[in-house]
Amino acid sequence: MVSTASPRHAVVVEDDADIRGLLVLVLEQLDFVVTEAPDGLSGVEAVRNTNAELVTLDINLPDIDGMEVCRRLREFSDAYILMLTARADEIDRLNGLDTGADDYVNKPFSPKELQARIRALFRRARTPAAPAEDTRQTDELARAAVVQTSLLPQETVRLKDYDVAGAFRPSRSVGGDFYDWYQTSDGMHLTFADAMGKGMGAALIAATVRAVMRSVADTPGIADAFESASATLTADLDQSGSFVTMFHARLDSASGKLSYIDAGHGLGLHVPAEGAARRLVSAGPPVGIMDGQQWPAAELQLEPGDSLVIVSDGVLDAHDSLEDFVRNVEKAARSGGTSDEVCAALLELAPADTAEDDVTAVVVHRQREVGRDAGPGGTNSGVAQTIQY
């Protein structure tokens, strides 16, 4: 269905060709018409010529730096300016915002986080509601919802001393969220992914990802398995012009060792029994961005009382800052009750009447007392369940 709304224009000012290409894909998924600029001066002209509404701006540029670009843009443009840089210290951050930037993201960045921040910027001046969808589009979304729901795990995982749960609430537009798990001889495998896009196309890509990830279940070593799966997926994703963010993990239940790979997702948290929650950052770009990409595996130890919490960008979208997001997800994870109840609390962070995307959550909790079936709050559980809202 062709939209009758006027296209939104964005300019990507970035000297690194690979990062620039990724930014273009991310913005096109948000329905922007994107103009690329490899340096500051051409970026200023591109914004002037396109009357862009959004600018992503690198600080380290080959001619004038991003701070100077921002100053020049503010002389004639009220576009939202989102700075991206490897400079992580507070002085640079404050300088960028004082110069006229609207937000600031450090490299390496998660595409999902970037999209969420952009949505948050444009919510400040929310546009009127779109016209009602026609019958054909409604039928397609209904079919996509059926496909998406079918991707959720059907089997129950029973792990002694663990409480595992997942919850999924589709949006009106239907995206590519899904999670999958299955039991193994030494624990369980878990995949949490989001295929970029909406409707049937995203749902079918998600189905392909699920099938491919299951096909490498017997490959020893999570890094080798993920490399094999990503090589298979990249060709299909290249043809469709899409990409997939993914969190894939293998749990050894006896030891509590969890090996994982985060490909552009960046929305997993390790919530320990004691101490602050730690966000599990991405190990590389989403699958489908570049041929031959490799993602290093990482490990974390789930001690008794610890939880692994993974959510979709629908939860992130509901927050004005990454700091608020981490704080509220941690609070929900520590709210007590079973993992099912924690998942329900996580979905409530993105109320259904305002959420613009699918909202999905998975919780893997290692119970405090070995041999006792108790969830995060000490109540009876121990059985993995899938709940749809």
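**Notes on a helix pair and a sheet**

1. Helix α10 (residues 322-333) packs with helix α11 (residues 339-348) at an angle of about 150 degrees, their axes 8 Å apart. Helices here are DSSP runs of H or I with at least four residues, strands are E runs of at least two, and both are numbered from the N terminus. Axes are lines fitted to C-alpha atoms, for helices over the stretch in contact, with angles from 0 to 180 degrees between N-to-C directions. So α10 and α11 are roughly antiparallel to each other (angles over 145 degrees count as that).

2. A word on the source: this is a predicted model, where local features need pLDDT of at least 70, side-chain atom pairs count only at pLDDT 80 or more, and totals for chains, interfaces and linings use all residues. Residues are numbered from 1 along each chain as its sequence is written, and side-chain values use heavy atoms, leaving out hydrogens and water.

3. Who touches whom? On the α10 side the contact (heavy atoms within 4.5 Å) is made by Val 329, Ala 332 and Ala 333, and on the α11 side by Val 342, Ala 345 and Leu 346.

4. Now the sheet: five strands form an open one in the order β7-β8-β9-β10-β13, with antiparallel pairing (strands pair if DSSP finds at least two bridges between them). β7 (176-183) and β13 (298-301) are at the edges with a single partner strand each, so one side of each has no neighbour in the sheet. On average, neighbouring strands are turned by 15 degrees against each other, direction ignored.

5. Inside that sheet, β9 (residues 244-252) and β10 (residues 257-263) run antiparallel and are joined by six bridges. Phe 247 stands opposite Asp 262 in β10.

Terms used. Parallel < 35°, antiparallel > 145°, perpendicular 65-115°, else oblique.
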